[in-house]
Amino acid sequence: MQRQSLPFTIRHANSRDVSHLSEILTESFYRSSDRPVNFLQRCFTDWVFPILRYGIMLDLNSRFDDQTPMYACLVATHPTNKSQAIASLEICMRYVPSKTNRDFWLGRDTQQYPYIFNLAVHPQWRRRGVAKQLLHASEQIVKQWGFSRLYMHVLEDNQPALRLYDGVGYKLHSQEGTLNNWPLGRPRRFLLQKKF
Ligand SMILES: CC(C)(COP(=O)(O)OP(=O)(O)OC[C@H]1O[C@@H](n2cnc3c(N)ncnc32)[C@H](O)[C@@H]1OP(=O)(O)O)[C@@H](O)C(=O)NCCC(=O)NCCS
């Protein structure tokens, strides 16, 4: 169900956002209702939730403190309360394979490119265009860094994210081999690319 779009503000995150961001990331990646979980998984997640959240807070704080030149954390804020983050996205430089899967026989060279990670929208604020706006803003930042392409990983079973990325122009660049994940029953990761 699509909901009404609202005028969200996108800005760079600061240390005061860490608490909201850790809540959103933990909720989105460990307890999101978009993905089916069984009873035992839910009990376990509820139990470890504070520990996971604390770990995420530490990670965010260390990235904010690092002052790495090409790193950005964007947040979308509540329409009426600019201090409350409701979604986030991070960009860093990451080595990605230069060749697609079809060109694997040409070698496995890697090159550094801007890479999106930790895109998450609080469950209450989904389907209002927030992620789309964050992705658009990330392209503007990457252009300022002098790049014209972006990469990200997505799990093959993450339908909402796959639809989102397809809709804004991301294409499949390469995918992990089935043998990496099949023994553990884990979904594969697709590496997506957008050139602009
Ligand atoms: C994936 C996610 C970031 C999407 O955020 P969002 O703000 O709800 O996305 P948007 O409102 O910008 O949606 C844009 C388009 O993406 C697609 N989309 C988003 N969520 C969808 C869903 N649950 N089902 C189907 N399509 C979906 C739709 O095409 C949508 O356009 P529409 O609403 O006009 O139909 C959000 O669901 C989320 O935080 N999920 C958990 C964390 C996660 O999986 N992050 C991605 C890691 S790779």
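The largest nonpolar core in this predicted model has 30 residues. Leu-135, Tyr-165 and Tyr-170 have the most contacts inside this core. Seven elements each supply at least two of its residues: β2 (72–78), β3 (81–97), β4, α3, β5, α4 and β7 (189–195). The top contributor is α3, with 7 residues.

Leaving aside residues up to four places away in sequence, Tyr-165 touches Leu-119, Leu-135, Met-152, Val-154, Tyr-170 and Leu-192. There is also a second, separate core of 20 residues. Ile-24, Val-96, Ala-120 and Leu-191 are among its members.

Now the ligand. Which residues come nearest to the ligand? They are Leu-119, Val-121, Arg-127, Gly-129 and Asn-158, out of 22 residues around it. By class, this shell has 11 nonpolar, 5 polar and 6 charged residues. At least two shell residues come from each of α1 (18–30), β4 (110–121), α3 (130–144), β5 (149–155) and α4 (159–167). The largest share, 5 residues, belongs to α4.

| Residue (backbone N or O atom) | Ligand atom | Distance |
|---|---|---|
| Arg-128 | oxygen | 3.2 Å |
| Ala-131 | oxygen | 3.0 Å |
| Lys-132 | oxygen | 3.0 Å |

How much of the ligand's accessible area does the protein cover? On its own, the ligand has 910 Å² of accessible area, and the protein covers 83% of it.

Terms used: Residues numbered from 1 in each chain as written. Predicted model: local features only at pLDDT ≥ 70, side-chain atom pairs only at ≥ 80, totals over all residues. Heavy atoms only, no water. Near = heavy atom within 4 Å. Polar contact = N/O pair within 3.5 Å; in protein donor to acceptor, adjacent residues only side chain to side chain. Areas by Shrake-Rupley, 256 points an atom, 1.4 Å probe, with all protein chains shown as cover. Helix = DSSP H or I, 4+ residues; strand = E, 2+ residues; numbered from the N terminus. Nonpolar A, V, L, I, M, F, W, Y, C, P; charged D, E, K, R; others polar. Core = buried A, V, L, I, M, F, W, Y, C linked by side-chain atoms within 4.5 Å. Buried < 20%, exposed > 50% of the residue type's maximum accessible area, 1.4 Å probe, protein only. Contact = heavy atoms within 4.5 Å.
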